[in-house]
Amino acid sequence: MSIDDMILFRRAVETDAAMLAGLFDRAARWMQQNGIEQWKPGDRDAAHFAARMRDGEVWLAVGSEGRIAGAYELWWSDEEAWGVQPPVAGYVHRLMVERRTAPAGTGRRMLEHAERRIAGSGLPRARLDCLSTNPRLLAYYQDAGYRVVGEFPHKEGRDGRVYGVVLLEKRLDRLSVV
């Protein structure tokens with residue numbers, strides 16, 4: 001557990017899985033309402049989040065009033081998008097903000113928390129990918145210090161649709177760790 005600017009970070013436990021699925025669905029609906037074709041409600045259920053907790057890390061951001069402000073997944077490999085890679089990076093996935101309760105800047109604080117976790121593991125890079133047709137999200141990550149290092153044009157979704165993602169990376173050489 002760690003505290004960062006009035007946000008408490010704690011690892012999710014299996015009893016959080018259903019809540020995480022609800023958070024994902026709300027984030028997906030917000031995206032759809034704002035013309036962002038990326039996530040679909042129902043695409044990630046409680047079993048998905050329970051599996052991510054077993055295979056990697058899922059972190060919750062809890063606001064000062066004890067309400068969930070957001071969550072993210074941290075993976076230690078991502079062969080689907082990045083191919084086989086040497087162990088030099090952690091991979092941030094499903095950065096979700098609870099728009100009803102999150103204080104301003106929660107998304108950035110979650111990214112910074114993930115970066116400190118990765119650096120604390122001795123890895124020099126944070127990586128993530130975003131939909132190539134989402135310029136708003138791409139700009140958000142670039143403003144956070146990520147740089148485009150490639151593109152994977154043929155990622156396949158759970159529903160069989162094929163889409164492109166931009167691959168982004170940030171060097172973590174000078175971060176203090178959690």
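## Group meeting: a walk through the predicted model

Okay, let's start with aspartate 78, which is buried at a relative accessible area of 4%; buried means under 20%, exposed means over 50%, and partly exposed is in between, with a 1.4 Å probe and protein chains only. Before I go on, the housekeeping: this is a predicted model, where local features need pLDDT of at least 70 and side-chain atom pairs count only at pLDDT 80 or more, while totals for chains, interfaces and linings use all residues. Residues are numbered from 1 along each chain as its sequence is written, and side-chain values use heavy atoms, with hydrogens and water left out.

Back to aspartate 78. You'll find aspartate 78 in the loop between strand 4 and helix 3 (79–82). Helices and strands here are DSSP runs numbered from the N terminus, with at least four residues (H or I) for a helix and at least two (E) for a strand. So what does the side chain of aspartate 78 reach at 3.4 Å? That would be the backbone nitrogen of alanine 81. There's also a polar contact of 3.0 Å between the side chains of aspartate 78 and histidine 93. By polar contact I mean a pair of N or O atoms within 3.5 Å; within protein, one must be able to donate a hydrogen and the other to accept it, and residues adjacent in sequence count only if both atoms are side-chain atoms. If we skip residues up to four places away in sequence, aspartate 78 touches Gly83, Tyr91, His93 and Asp129, where contact means heavy atoms within 4.5 Å.

Next, a residue in strand 5. Arginine 94 lies in that strand, and its phi is near 50°, a positive value in a residue other than glycine. Arginine 94 counts as buried because its relative accessibility is 12%.

Compare that with arginine 108, in helix 4 (residues 106–120). Is arginine 108 buried or partly exposed? At 28% relative accessibility, arginine 108 counts as partly exposed. Setting aside neighbours within four places in sequence, arginine 108 is in contact with Tyr140, Asp143 and Ala144. Alanine 144 sits 36 residues from arginine 108 along the chain, yet their C-alpha atoms are separated by 7.3 Å.

Now the strands. Strand 3 (residues 57–62) is mostly covered, with six of its six residues buried. Both faces are covered: Glu57, Trp59 and Ala61 are buried on one side, and Val58, Leu60 and Val62 on the other. Which strands pair with strand 3? One of them is strand 2 (residues 7–11), antiparallel over four bridges, and strand 4 (residues 68–75) also pairs in the antiparallel sense, over six bridges. We say two strands pair if DSSP finds at least two bridges between them. Have a look at valine 62 in strand 3: leucine 8 stands opposite valine 62, and in strand 4 the bridge partner of valine 62 is isoleucine 68. The hairpin of strand 3 and strand 4 has five residues between the strands, and glycine 66 there takes a positive phi near 85°.

Strand 7 and strand 8 run antiparallel, joined by seven bridges, and lysine 155 has tyrosine 163 in strand 8 as its bridge partner. This hairpin has five residues between its strands, and glycine 160 in the turn has a positive phi of about 90°.

Then the loop between strand 6 and helix 5, where asparagine 134 is found. Asparagine 134 is buried, with a relative accessible area of 6%. Its side chain makes a polar contact of 3.0 Å with the side chain of glutamine 38.

And glutamine 38 takes us to the largest pocket. Of the 46 residues that line this pocket, Met31, Gln38, Trp39, Leu95 and Leu137 lie nearest its centre. About 1100 Å³ of space lies in there. A pocket, on a 1 Å grid over the protein atoms alone, is an open set of points where a 1.4 Å probe fits, with protein on both sides within 12 Å along at least five of seven lines, and lining residues have an atom within 4 Å of a point. Which strand gives the largest share of the lining? Strand 5, with six residues. The lining divides into 22 nonpolar, eight polar and 16 charged residues.

That's my tour; happy to take questions.

Terms used
Points joined across faces, edges and corners; volume = space filled by probe spheres on them. Nonpolar A, V, L, I, M, F, W, Y, C, P; charged D, E, K, R; others polar.
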